[in-house]
Amino acid sequence: MFDFLRAVQLNTMMVFSGICGTMAFLVLLTRSLTRRRRLILMSLELSACLLLIADRYSYVFRGDVSNLGYHMVRISNFLVFFFTLVVAYSFNHYLKDLCINEVGLKETPIRIRISCGLLILGLILLIVSRFFGFYYAFDENNRYYRTEGFYICYAIPLLALLLNTSVVLTYYRKLRRAVRIPLVLFSVVPIIAAIVQIYAYGLSLTNIAMVGMAVTLYIFALVDMNTVIDRARNLEIEILKEEQRDSQLIFEQTAQALSFAIDAKDKYTHGHSLRVAEYSRKIARATGVPEKECDKIYYTGLLHDVGKIGVQDTIINKDGKLTEEEFAQIKAHPVIGRNILSSINKLPYLSIGANFHHERYDGKGYPAGLKGEDIPYIARIIAVADAYDAMTSKRSYRDPLPQQKVREEFVKGIGTQFDPIYAKEMVHMIDLDSEYTMKEREESNALEGRNIVFCEEYRSDISEGIVITKCISDIRIRCRAEDDSSYSAAPVIPTLILFDSLDARVHDKGDNIAKEMVYYEYGEIKLNGETVCHGARKFESRSLSIDPVRIMSDKADNYLTETIYDINAVKYDDHVRLRIHSADKAFEVTVALPDSARYAYLAFSGEHCTINIESINRADTPVDEHEIRRIAEKVSYIDSPVGDIPNLQVNGWCTESSSGIKITDGLQIKMHAMSLPTARLVWHCPYLSVFTSDDGIVKGKDYREFCLMRLDGESWETDDFVTTSPSVSKLDGFEDWDIWKSKNREGFDCTINVHRIGNQVTIYTIDNFIEFKNTINIIDENVHNLYLALTGDQVALTNIRITPEG
């Protein structure tokens with residue numbers, strides 16, 4: 001066995017020395033260790049590396065009688081003894097560091113001091129031996145041999161290791177497992193190897209053992225430090241989570257206290273804000289909003305009436321009819337609430353709910369008169385919850401309305417006062433509330449914020465978004481240069497930022513709020529005609545003729561101190577057109593957006609100027625597709641084979657529908673369905689509408705819809721003369737809703753089977769492992785012709801094949 005070890009020991013030394021050198025470099029890079037411990041371990045690994053290199057050369061040049069061999073044998077043998085002592089000395093300092101910093105001793109143990117003294121004595125004796133041959137000598141063949149003092153050179157480091165071992169055993173239980181194991185090995189293994197080496201001449205077992213233990217020491221030190229760091233990180237995470245829970249609790253309690261203070265202003269609205277918050281969260285959950293968003297909606301509902309702080313108590317509690325002036329003060333509370341909550345810039349959704357919860361879906365609400373999905377969805381949810389609680393709570397002039405009356409009011413308000421999705425969900429919640437327990441016991445603002453923007457550096461201040469719709473908006477701004485003379489030489493040119501965001505505000509593209517608000521910037525337009533395209537498909541500009549009347553008018557009005565700009569903005573599908581006029585320039589910019597499903601907002605900023613947004617006027621009539629010159633192909637997701645009826649792309653909630661398909665027993669519809677890339681919610685999927693009309697057309701003559709089914713498993717009865725029995729099952733392949741949405745965006749083949757017996761219609765389909773069966777009973781004997789229309793929200797339906805009798 002010893003012969004084999006002798007044969008491979010040179011290669012073993014080379015491998016171990018390379019490992020130690022690498023370890024020394026890694027120690028230098030290890031930031032998880034203290035600086036002192038890092039230096040000690042680097043000294044240990046580096047000296048171990050040099051020890052093996054020297055030992056290897058002592059064997060390589062052994063018996064070499066050349067001049068080089070003569071010197072190399074002597075130098076390498078001296079270095080072997082020298083670095084053996086250095087390795088042991090470095091280990092002493094490592095053990096000392098552990099005793100002070102890990103065990104908690106105030107001073108170095110006396111045994112470690114004695115050990116260090118012995119090693120220094122060993123170094124002195126080694127130097128003396130070099131001149132007097134006390135430890136070793138060389139014969140005429142330049143071969144190393146031991147002399148009478150050889151055992152002393154072994155005894156000194158071994159005695160030092162024994163002292164260290166006694167220290168380790170003394171404080172063994174106070175050291176962590178990953179620390180004490182390598183300490184014991186480093187103390188014991190070299191001693192055993194040294195005893196063996198006394199009888200195995202020609203082998204460097206002690207040196208190899210010490211080097212191996214040095215490597216082990218670093219590995220275990222790293223493992224231990226990683227364990228300590230993990231524990232510290234986990235503790236820090238727990239502390240942060242606890243702080244977050246405490247902060248959340250404090251915020252919730254503060255918000256509730258504020259809502260109670262608001263409700264206390266009106267003796268008839270005690271608990272109103274809390275109930276609105278609860279109803280809003282229920283609606284959000286029922287319509288597939290993620291739980292985190294539901295919590296945001298809850299807090300927004302809790303503070304939606306905060307603006308009433310600014311309304312006089314006498315007006316809020318007035319028993320009689322309000323005068324026009326008093327009602328105007330009441331109508332101001334959304335704007336007051338927005339101004340109060342907009343200062344909480346980390347929670348921008350709070351101000352959205354306060355500002356827009358009195359908007360109506362048909363555009364007849366206040367304060368901005370927003371319409372449809374231009375109203376932020378949070379506000380549309382809160383508007384439903386707020387109206388429900390108002391109708392089901394006692395007032396000075398009436399008791400709570402009967403449940404059926406409340407239901408009727410919501411049915412009437414679908415699509416006019418309320419968003420159809422959330423109003424239908426509220427109707428569904430009312431139907432489930434058989435005991436009547438739920439009762440008392442998009443367009444952004446034309447200009448959401450202030451109308452003056454003070455710009456020093458570019459984007460240091462930005463106006464809030466103005467939504468661009470199919471109805472032309474005319475916006476007038478005044479731009480004035482700052483009075484600072486240092487800027488007077490530079491031209492002052494305001495910039496228009498074109499973007500999309502849930503809160504209608506410009507955000508820094510990389511921050512968390514931008515991600516949360518799904519912020520997307522299309523580009524920038526300087527009002528001198530320069531454009532910068534970011535996320536749009538294409539920008540195209542062209543000059544327009546300047547109106548002489550405008551020139552005279554604008555130049556007569558503070559021409560030397562400010563510039564007036566008139567912006568005409570409109571959006572149709574995936575194109576936006578902006579026409580900008582000033583006294584000196586007129587031009588048109590057409591922008592091709594990534595797709596038709598996105599919104600478009602514009603905001604103003606600049607540099608070294610003040611921008612006053614003087615007026616915003618919007619037309620009542622939407623434009624048609626010929627209003628905007630198309631500069632890019634229409635974004636279509638239905639350029640696929642056409643089946644029995646035309647393919648269908650639905651960019652918003654039921655904005656498009658197929659022609660009516662007459663319902664007969666055995667009807668089967670096959671199609672390929674795909675949610676659009678912008679789809680992010682569960683209900684962005686295909687819908688089925690069961691209806692009747694004289695001409696078989698959706699919204700046709702005498703149109704009545706009985707049931708609207710979403711392929712995510714939701715169903716609504718949309719007529720009083722219908723009952724439904726929906727049944728939804730998650731099949732074995734269903735994983736979770738996020739994966740379900742992802743697969744819908746990838747596209748899938750769908751089969752819809754329909755059976756009809758009289759006025760009972762049963763529809764069965766599967767959408768990515770969501771099995772949906774719904775039996776629809778129409779209890780109106782005058783209804784004979786029933787039709788099914790395909791529709792949805794942000795979805796493309798292609799290759800629609802119809803089999804009248806499956």
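## Basis of the values

Because the model is predicted, local features need pLDDT of at least 70 and side-chain atom pairs count only at pLDDT 80 or more, while totals for chains, interfaces and linings use all residues. Residues are numbered from 1 along each chain as its sequence is written, and side-chain values use heavy atoms, with hydrogens and water left out.

## Nonpolar cores

The largest nonpolar core has 62 residues, and those with the most contacts inside it are Leu-41, Tyr-94, Leu-183 and Phe-186. A nonpolar core is here a set of buried Ala, Val, Leu, Ile, Met, Phe, Trp, Tyr and Cys residues joined through side-chain atoms within 4.5 Å, where buried means under 20% relative accessible area, exposed over 50% and partly exposed in between (1.4 Å probe, protein chains only). Among the elements that give two or more residues to this core are α1 (2–29), α2 (35–60), β1 (136–138) and α7 (205–264), and α3 gives the most, with 13 residues. Helices (H or I, at least four residues) and strands (E, at least two) are DSSP runs, numbered from the N terminus.

Leaving aside neighbours within four places in sequence, Phe-186 is in contact (heavy atoms within 4.5 Å) with Leu-44, Val-87, Phe-91, Leu-161, Met-210, Met-213 and Ala-214. A second, separate core of 50 residues includes Tyr-377, Ala-385, Val-406 and Phe-418.

Leu-126 lies in helix α4 and is buried, with a relative accessible area of 1%. Apart from neighbours within four places in sequence, Leu-126 is in contact with Phe-78, Phe-81, Phe-82, Leu-85 and Tyr-135; the C-alpha atoms of Leu-126 and Phe-78, 48 residues apart along the chain, are separated by 7.9 Å.

Ile-120 is also placed in helix α4, but counts as partly exposed because its relative accessibility is 44%. Together with Tyr-89, Ile-124, Ile-127, Val-128, Phe-131 and Phe-132, Ile-120 makes a nonpolar surface patch of about 730 Å², of which the largest share, 6 residues, comes from helix α4 (residues 110–132). Patches are made of residues with over 30% relative accessible area and no salt bridge, like charges being joined within 9 Å and nonpolar side chains (Val, Leu, Ile, Met, Phe, Trp, Tyr) within 5 Å; a salt bridge is a side-chain nitrogen of Lys or Arg within 4 Å of a carboxyl oxygen of Asp or Glu.

## Ser-463

Ser-463 is placed in the loop between β3 (452–455) and β4 (466–467) and is buried, with a relative accessible area of 3%. A polar atom of the Ser-463 side chain lies 2.8 Å from the backbone nitrogen of Phe-604.

Notes: Areas by Shrake-Rupley, 256 points an atom, 1.4 Å probe, with all protein chains shown as cover. Polar contact = N/O pair within 3.5 Å; in protein donor to acceptor, adjacent residues only side chain to side chain.
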